[in-house]
Amino acid sequence: MSQPRQALRALEASLSSVLFGQERVIRELLATAVAGGHALLEGLPGLGKTLLARAFAEASGLSYRRIQFTPDLLPADVTGTEVLEDGGFVFRPGPLFAQVVLADEINRATPKTQSALLEAMQERGVTVAGVRYALPEPFVVLATQNPLELEGTYPLPEAQLDRFMSKIAVQAPPRAVWLRILSEEPAQPKAVEGLDLPQARRELEQVVVSQPALEAIANAGQLALEDKRLRMPLSPRGAKAWLALARALAYLAGRAHLDWEDLRQAMRPALAHRLLLTEEAQFEGVTVEAVLQDLLRRTMPK
């Protein structure tokens with residue numbers, strides 16, 4: 001086993017000792033980071049989303065900044081701005097200039113401020129006053145989002161949702177984990193030696209993907225395009241995100257090839273936020289989960 005993969009295993013164990021009972025969430029977060037993407041963590045307040053983001057940065061040894069999104073937050077508060085100093089303008093970087101950026105409660109900010117993240121997430125840089133500034137590598141945005149029915153939240157624009165490789169659902173733990181949370185203090189995240197995300201991403205490219213797996217993704221894309229329940233079907237970017245996330249899950253599991261279970265496990269976090277239902281489908285009680293299960297049934301072997 002390569003050193004980056006061993007370090008990722010140790011990182012997974014470290015995070016599991018900090019956030020109890022969320023092994024699926026941790027695995028999907030690590031897969032997203034290895035695949036070079038950004039993750040949107042959605043769940044009710046108090047489930048440990050912010051704790052997980054901070055622990056991930058600390059244990060990884062990556063620089064970390066947290067941005068608390070509020071309705072009065074301005075784009076310049078995120079990207080940075082030019083200030084007058086010694087008779088000239090000098091750029092003062094904003095909190096985006098870190099390797100791990102936590103956009104906390106991202107859907108409490110206005111769409112204008114949310115859109116300030118778009119260039120950073122896609123291009124790994126920001127443009128201020130016509131000058132482009134590169135962001136550090138690796139660069140991972142971890143955003144937390146409260147369910148939209150909560151007061152004071154704004155839906156993320158479709159274009160920004162699509163920039164997140166995964167949307168990870170953080171749910172309340174089972175009863176046994178509640179007891180552990182109440183009786184046991186979580187450990188401090190342990191720094192992991194030998195973690196090299198760029199190297200892990202290069203190794204990820206060696207995970208073999210079979211032609212039937214590629215055809216299954218293409219078939220799912222075509223079926224989604226023809227599905228009258230969707231007003232926004234699967235895009236090529238979404239299909240590539242699904243494949244990348246599935247390969248990362250295979251890599252974390254220590255496999256040299258992609259199997260069908262990797263595709264199944266990656267489908268929901270990669271696609272649930274990209275497939276948007278029509279108003280008629282929502283009125284009839286259709287859910288995105290039902291559409292995903294239908295696509296799985298029609299494209300994957302049993």
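Mentor: A residue is called buried when its relative accessible area is under 20%, exposed when it is over 50%, and partly exposed in between, with a 1.4 Å probe and protein chains only. Helices (H or I, at least four residues) and strands (E, at least two) are DSSP runs, numbered from the N terminus. This is a predicted model, in which local features need pLDDT of at least 70 and side-chain atom pairs count only at pLDDT 80 or more, while totals for chains, interfaces and linings use all residues. Residues are numbered from 1 along each chain as its sequence is written, and side-chain values use heavy atoms, with hydrogens and water left out.

Trainee: In which helix is the confidence of the chain highest?
Mentor: The predictor's confidence in each residue is given by pLDDT, from 0 to 100, and the mean for the chain is 89, with 97% of its residues at 70 or more. Where pLDDT is low, the predicted coordinates should not be read in detail. Confidence is lowest in helix 5 (residues 111-114), at a mean of 78, whereas the highest mean, 96, belongs to helix 2 (residues 23-34).

Trainee: On how wide an arc around the axis do the buried residues of helix 10 lie?
Mentor: The buried residues of helix 10 are Ala-213, Ala-216, Ile-217, Ala-220, Gly-221, Leu-223 and Ala-224. Because the directions from the helix axis to their C-beta atoms define the arc, we can say that these residues sit on the same side of helix 10, covering an arc of only 165°.

Trainee: What span from first to last C-alpha is expected for helix 10 at 1.5 Å a residue?
Mentor: The expected span is 1.5 Å times one less than the number of residues in the helix. Helix 10 (residues 211-226) has 16 residues and reaches 23 Å in the model, which is close to the expected 22 Å.

Trainee: Which elements do the buried residues of helix 10 pack against?
Mentor: Packing is judged here by contact, meaning heavy atoms within 4.5 Å. By that rule, the buried residues of helix 10 pack against strand 10 (230-232), helix 11 (236-252), helix 12 (260-271) and helix 14 (288-299).

Trainee: Which residues does Ala-248 touch?
Mentor: Ala-248 lies in helix 11, and it counts as buried because its relative accessibility is 0%. Leaving out residues up to four places away in sequence, Ala-248 touches Ala-31, Ala-35 and Leu-204.

Trainee: Is strand 8 mostly covered or mostly open, and how many of its residues are buried?
Mentor: In a regular strand the side chains alternate between the two faces of the sheet. On one side of strand 8 are Val-140, Leu-142 and Thr-144, and on the other are Val-141, Ala-143 and Gln-145, all of them buried. Strand 8 (residues 140-145) is therefore mostly covered, by the cut-off for buried, and the count of its buried residues is six of six.

Trainee: Which residue is the bridge partner of Ala-39 in strand 8?
Mentor: Two strands pair if DSSP finds at least two bridges between them. Strand 5 (residues 100-104) runs parallel to strand 8 and is joined to it by four bridges, with Val-101 opposite Val-141. Strand 1 (residues 39-42) also pairs with strand 8 in the parallel sense, over four bridges, and the partner of Ala-39 there is Leu-142.

Trainee: With which side chain does that of Ser-166 make a polar contact?
Mentor: Ser-166 is found in strand 9 (residues 166-169) and is buried, with a relative accessible area of 0%. A polar contact is a pair of N or O atoms within 3.5 Å; within protein, one must be able to donate a hydrogen and the other to accept it, and residues adjacent in sequence count only if both atoms are side-chain atoms. At 2.7 Å, the partner of the Ser-166 side chain is that of Thr-32.

Trainee: What is the phi of Arg-124?
Mentor: Most residues other than glycine have a negative phi, and most peptide bonds are trans. Arg-124 lies in the loop between helix 6 and strand 6 and is buried, with a relative accessible area of 18%. Its phi is positive, near 60°.
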